[in-house]
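Colleague: Can you walk me through this model? Keep it short, please.

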Amino acid sequence: MPPIISISSLTKSYASGFTALKGIDLDINRGEIFALLGPNGAGKTTLISIICGIANATSGKVVVDGHDNVGSFRAARQPIGLVPQELHTDAFETVWATVSFSRGLFGKPKNPAHIEKVLKDLSLWDKKDSKIVTLSGGMKRRVMIAKALSHEPQILFLDEPTAGVDVELRKGMWEVVRTLRAAGVTVILTTHYIEEAEEMADRIGVINKGEIILVEEKNALMQQLGKKRLKLHLQGKVTAIPASLSAYHLELAADGEQLIYTYDTKSERTGITSLLSDLREAGIRFFDLDTTQSSLEDIFVSLVKK
């Protein structure tokens, strides 16, 4: 099955000489949740703006659902719903009116049943007659998602959708996103909450300084790049790591009561057996140990630093 979005050699430069995007090549599969991660200024919002036809590329090509987004702009824009990073709503309109109006902008006929379903799915039904100005920041964010879903898009861009949203509402939005994916909607998510990508994404792309530095299945990424940390809880306090253990690059916790050993899960030998033997030889005893897997956040920070 061809990708629903295909990006080839995409660049974006400004008159000042700054290049925001540098030869982006990226395919997004139909029906997946794709998380685009990157630090501030990496080019995430610029890339989304070009795909959605809000900004013009300097060079390159974007094809959306088989349509070139320059030569066939309307056809390429029709299947896209966009929830921008900034909140833009008609403050003195009601929730129902502003969501219904967004549907009309795409030339769709009135469909009260669909608007009702969207509002109920987003827990906005009891606010349908409330003016936007009276809503909390989290509810306004949900209204933005409702507006983006009003014309029944097949592709949904969520640019920092849970910024400023409390934990309970954030988890509620995760459920909405999963429901959309189950209905066949392709979701492209940018987020600063890395646990959000770890929780929901099928694939993850990392962008830094205008370049895509990695695109990988989330589970494969965690397996390939993840490391484990072995934490040893010591019987007595240690002030310094003995020189005989230097090969293990151990970390000593600030309280001197824990030693931490990081090892690669892909290696044929983890070194744990020899470490335990050498600890005994060095007279260091422990009463408990546990292991933790590197999180996506650890992997992301490592990639961006490189």
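Modeller: A term to begin with: buried means under 20% relative accessible area, exposed over 50%, and partly exposed in between, using a 1.4 Å probe and protein chains only. Helices (H or I, at least four residues) and strands (E, at least two) are DSSP runs, numbered from the N terminus. This is a predicted model, so local features need pLDDT of at least 70 and side-chain atom pairs count only at pLDDT 80 or more, while totals for chains, interfaces and linings use all residues. Residues are numbered from 1 along each chain as its sequence is written, and side-chain values use heavy atoms, with hydrogens and water left out.

Colleague: Fine. Why is helix H1 largely enclosed by the rest of the structure?

Modeller: H1 covers residues 44–51, and six of its eight residues are buried, so the rest of the structure largely encloses it. The buried ones are Lys44, Leu47, Ile48, Ser49, Ile50 and Ile51.

Colleague: And what follows H1?

Modeller: Gly53 follows H1, with a positive phi near 80°.

Colleague: Zoom out. How many helices and strands are in the protein chain?

Modeller: The protein chain has ten helices and 14 strands. It has 306 residues, and 42% of them count as buried. Its accessible surface is about 15,700 Å² (Shrake-Rupley method, 1.4 Å probe). Carbon and sulfur atoms hold 50% of that surface.

Colleague: What share of the contacts join residues at least 24 apart?

Modeller: Contact means heavy atoms within 4.5 Å. Among contacts between residues at least 6 apart in sequence, 69% join residues at least 24 apart.

Colleague: Now the inside. Which residues have the most contacts inside the largest nonpolar core?

Modeller: Leu156 and Leu158, in a core of 29 residues. Helices H3 (95–105), H4 (112–121), H5 (137–149) and H6 (167–182) each give two or more residues to this core, as do strands E7 (155–159) and E8 (186–190). H5 gives the most, with seven residues. By nonpolar core I mean a set of buried Ala, Val, Leu, Ile, Met, Phe, Trp, Tyr and Cys residues joined through side-chain atoms within 4.5 Å.

Colleague: What is Leu156 in contact with?

Modeller: Leaving aside neighbours within four places in sequence, Leu156 is in contact with Gly81, Leu82, Val83, Ala148, Leu149, Leu180, Val185, Thr186, Val187 and Ile188. Another core, of 25 residues, lies apart from the largest one, and its members include Ile24, Ile50, Ile51 and Ile155.

Colleague: Back to H3 and H5. At what angle do they pack?

Modeller: About 35°, with the axes 7 Å apart. Axes are lines fitted to C-alpha atoms, for helices over the stretch in contact, and angles run from 0 to 180 degrees between N-to-C directions.

Colleague: Which residues meet there?

Modeller: From H3, Val95, Thr98, Val99 and Ser102; from H5, Val143, Ala146 and Lys147. The residues of this contact divide into four nonpolar, two polar and one charged. Here Ala, Val, Leu, Ile, Met, Phe, Trp, Tyr, Cys and Pro count as nonpolar, Asp, Glu, Lys and Arg as charged, and the others, Gly among them, as polar.

Colleague: Is Thr98 buried or exposed?

Modeller: Thr98 counts as buried, at 1% relative accessibility. Not counting residues up to four places away in sequence, Thr98 touches Asp90, Glu93, Ile132, Val143 and Lys147.

Colleague: Loops, then. Where does Ala201 lie?

Modeller: In the loop between helix H7 (194–200) and E9. Ala201 is buried, with a relative accessible area of 4%. Ala201 touches Ile33, Ala35, Glu196 and Lys218, not counting residues up to four places away in sequence.

Colleague: Last one. Which residues is Glu257 in contact with?

Modeller: Leu232, His233, Leu234 and Lys237, leaving aside neighbours within four places in sequence. Glu257 lies in the loop between strand E12 (251–252) and strand E13 (258–264). The C-alpha atoms of Glu257 and Val238 are separated by 6.4 Å, and the two residues are 19 apart along the chain.
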